[in-house]
Amino acid sequence: MDIKSRSYGLLVVTLVSGALLPVLLTATVSTNIYEFFFGVYAVSAVTSLSFLAYRKRVGEFYRTIKDPRKLAIICVTGIVSYFPIQFGIAFAEKFVTASLATAIFRTSPLLMLLLLPPLLRERLSKYQIAALLLAFAGLYIGISGGNLLGVFQNSNLGIVIFLILMALGYALSVILIKKYVFDIGVVITVSSITMLLLFTALMAANGFPLLPMGVTQLAVMVYVGAFFNVFSFFMYFTSLRPVKATVVANIYFFSPFITFLLAYTFLGEAIQPYYIAIALLAGVGMIIQSFDKVGGRYIASNRDSNVRHMAIFDVTGIFANTGEMGINTAIRGGGRILAVKLDNRHIDHVNKFSDVADASGIYTDSNSRITGESKYVRDVLGVSDGEFVVMKAGKLEECERFFEELYGRIKEV
């Protein structure tokens, strides 16, 4: 199975498990929320360590925890990944329905667009901006409680704003996973231990409350801690890196509607019209992005650079598990892989580039060592017959210099 098919398939699996989560978390309403999540992350820590040992990545785990900068980034990523989607939703469900919590929270794929330019240096297209405006319209409906002329009459205003902040935090986690190409199993293990320490501290601050839990609560605790936090997150993060943010948003269009159906079936929750309105506005925004052809283009650090004239894309995530040592070394060193499609008549400029510059880290889609990755890169860039892809792996400043000079050569033709 190629990278694209595998990634899309894993996203669909995690779509269903993610839609089920808000329904399961209603089990925390009748128990102590700190105790519940302490148990969840104790299960997650044990499961993730076992999974890491099974994948023979324990050595990578030790190397990571010895690197203060890398460890800090992963700890932050873990908190903004797990805390919003679990504690955030569970806490909100003590005051609002699972359906409303989901409708608000699932705007996160669109809120993620706010973070693309500053954190991933990706240019927003007019389609993405339109989608973001629809998300804001949906959030306004949520804040108003469905009463567009009575914003301050919403008794749940504080919880809705809390959910918006949780959605924005979760959006940040998606960006961090795409930006920093760490081993996913290590990220999950460090995150699980971080969250376990956090909830140990919260338990201590609350006097270590212990309330009896029934079979249902214990079953949900084990499911969330083992399957969702480890295996579902592993599938989600693995599929997330190579896929464009707009595609992820489109797939997750269905998530709130699946939750609505499950909440109605198992919890008997009435589905308010404004819940559907919020989800539809977010969904339409995601569909609008399917028409996007330029969103995700790399923003050059120098506004006066000729690189701004080229449709360059950051495709680092596609090579997260590559066997090509040159690219692997570049990524481990904090580098990126930028790519651009060109007309075949320019291929000689690329082939002869080594005559005047260091050819290290320069690849085309015809390179036999990256066949699988190249196929997906061509798909992302929309390469047609008569075109090819040139990629540069290395520090961003190196990549920009390469494309600056390449553009100068092409312009002379």
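Mentor: Let's start with a term: a salt bridge is a side-chain nitrogen of Lys or Arg within 4 Å of a carboxyl oxygen of Asp or Glu. Our structure is a predicted model, where local features need pLDDT of at least 70 and side-chain atom pairs count only at pLDDT 80 or more, while totals for chains, interfaces and linings use all residues. Residues are numbered from 1 along each chain as its sequence is written, and side-chain values use heavy atoms, leaving out hydrogens and water.

Trainee: Okay, how many salt bridges does a search of the whole structure find?

Mentor: The search finds 10. One of them joins the side chains of D183 and R57, at 3.0 Å from N to O. This pair links distant parts of the chain, 126 residues apart: D183 is in the loop between α9 (157-179) and α10 (184-205), and R57 is in the loop between α2 (33-54) and α3 (58-65). Helices (H or I, at least four residues) and strands (E, at least two) are DSSP runs, numbered from the N terminus.

Trainee: Is D183 buried or exposed?

Mentor: Buried, with a relative accessible area of 15%. R57 is partly exposed, at 24%. The cut-offs are under 20% for buried, over 50% for exposed and partly exposed in between (1.4 Å probe, protein chains only).

Trainee: Which residues are linked with D183 in a network of salt bridges?

Mentor: R55 and R57.

Trainee: New topic: what does R121 form a salt bridge with?

Mentor: Its partner is E400, with the closest N and O atoms 2.9 Å apart. R121 lies in the loop between α7 (116-120) and β1 (122-123), and E400 in helix α18 (residues 396-411), 279 residues apart. E400 is buried, with a relative accessible area of 8%.
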